[in-house]
Amino acid sequence: AELRGEPRHTQYTWADRNLSSFYSSWPETLEALARGALLATGPAGPVARFERAGACAPDRKPPHILLIHQESVTPPAGLPGLAYDRALDGFFLSHDGARHALRVETYGGGSWLTEFSVLTGMSSRFFGGMQHFVQVYMAGRVEDSLPAALARCGYRAAMFYPYLKGYFGSSRFFDSIGLKEIFDLKAQGAKSAMEQDRFYYANALGEIERHLRASQAPLFLYVQTMTAHWPYDMTYWPERDASGGGAGEHPEIREYLRRLAMAKEDYEEMRAALAQRFPDERFLILHYGDHHPLATRSFFGFEDEEIEAMNRRLPQDSAAFLTYFAAQGVNLAPPPLPRTEALDAAYLGVVLMEQAGLPLPESWRARARLMRDCGGRYAQCPDRAAVLAFHRKLADSGLVRAR
């Protein structure tokens with residue numbers, strides 16, 4: 001038997017405890033009912049609403065945008081004492097030559113939490129015990145999403161997803177926030193849910209070419225990769241010549257670093273292909289790590305695959321929740337990036353729109369102010385009341401329906 005505590009990180013997803021999980025979910029349900037909403041907000045007061053955003057009018061045709069979800073990737077430079085090929089550091093640099101830290105809300109798994117924060121501009125931590133269900137419960141309840149904001153600027157949005165559409169019911173959430181075109185495992189012709197990154201990039205490049213033949217609209221592609229995904233106790237794609245870590249490092253770390261070298265090579269090839277195949281088009285590329293790989297657990301005092309324990313015990317400001325984001329332009333000179341010690345994932349959409357030179361709707365301007373006033377923190381903003389007031393205004397405006 002297990003003592004009842006906070007829900008295990010993946011208890012409701014793949015652990016084979018369906019009945020016990022159902023009963024143990026009651027406290028989270030009662031908590032949400034007592035709060036009166038799924039999302040924590042400030043107290044009700046005089047109703048204040050954000051102005052409903054209409055079509056935006058950029059000064060010139062916006063750049064095409066590639067938002068790349070780098071599965072299980074964190075910079076090795078952030079792991080003290082690790083021996084690795086320093087050439088890998090270049091993968092994590094932005095156009096300003098700096099490495100930028102991203103704070104996520106999950107360790108070792110649970111990509112859907114980072115997806116939610118990035119695409120909605122809200123932290124999943126404000127959903128209490130219902131945190132791990134945010135995509136399920138918030139499907140059809142978020143109008144203020146990143147894809148919706150881009151659509152108002154004329155973007156066509158599409159997603160390259162490594163799993164089948166029905167994975168954890170995610171397609172309903174993606175569709176509801178504006179990602180209605182999903183090229184899933186089947187549509188991409190994948191042999192498995194874990195292909196090399198160059199496979200997904202080739203499909204994305206092909207879609208860019210098809211789009212440009214048919215349309216002058218800017219294109220937003222959300223591409224998810226899989227090269228660095230667990231497991232690390234086996235050599236994936238042994239035919240590829242990629243170096244791992246130093247001889248004294250743990251075998252899983254060496255395999256992770258080998259995969260990272262492959263991811264870097266595939267990304268650089270894709271970026272070069274953009275410039276070569278589409279010389280008259282401008283592109284903004286923003287890529288980020290969705291969470292640490294399980295291979296790094298020993299750096300935080302854990303030896304076994306204790307993903308559940310780590311997510312329960314680690315403080316929110318642990319380095320285990322720090323990954324990275326990087327922005328580069330192709331035929332584009334993006335503006336300066338925010339200078340923060342670390343940026344919470346919920347602000348990444350603001351950064352993306354600012355990097356693309358897009359006018360922000362009023363609600364996103366408020367989110368940008370929060371980002372700066374809170375020093376890049378969202379869940380741990382020193383002025384928590386300001387974040388809760390922002391949530392209240394989103395709810396009162398009908399941009400988020402969390403009841």
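I first set down the term: on a 1 Å grid over the protein atoms alone, a cavity is a set of points where a 1.4 Å probe fits but cannot get out, and lining residues have an atom within 4 Å of a point. The model is predicted, local features need pLDDT of at least 70, side-chain atom pairs count only at pLDDT 80 or more, and totals for chains, interfaces and linings use all residues. Residues are numbered from 1 along each chain as its sequence is written, and side-chain values use heavy atoms, with hydrogens and water left out.

**Cavity.** I searched the whole structure and found one cavity of 30 Å³ or more. The largest cavity holds about 60 Å³ of space, a volume being the space filled by probe spheres set on the points, which are joined across faces, edges and corners. Among the residues that line it I noted Arg103, Glu105, Arg125 and Asp344.

**Strand S6.** I took strands as DSSP runs (E, at least two residues) and helices likewise (H or I, at least four), numbered from the N terminus. Strands pair if DSSP finds at least two bridges between them. S1 (residues 64–70) runs parallel to S6, joined by seven bridges, and Leu66 stands opposite Ile285. S7 (residues 325–330) pairs with S6 in the antiparallel sense over six bridges; there Ala326 is the bridge partner of His287.

**Helix H3.** Ten of the ten residues of H3 (residues 111–120) are buried, so the helix is largely enclosed by the rest of the structure. Gly121 follows H3, with a positive phi near 70°.

Note on methods. Buried means under 20% relative accessible area, exposed over 50%, partly exposed in between (1.4 Å probe, protein chains only). On a 1 Å grid over the protein atoms alone, a cavity is a set of points where a 1.4 Å probe fits but cannot get out, and a pocket is an open set with protein on both sides within 12 Å along at least five of seven lines; lining residues have an atom within 4 Å of a point.
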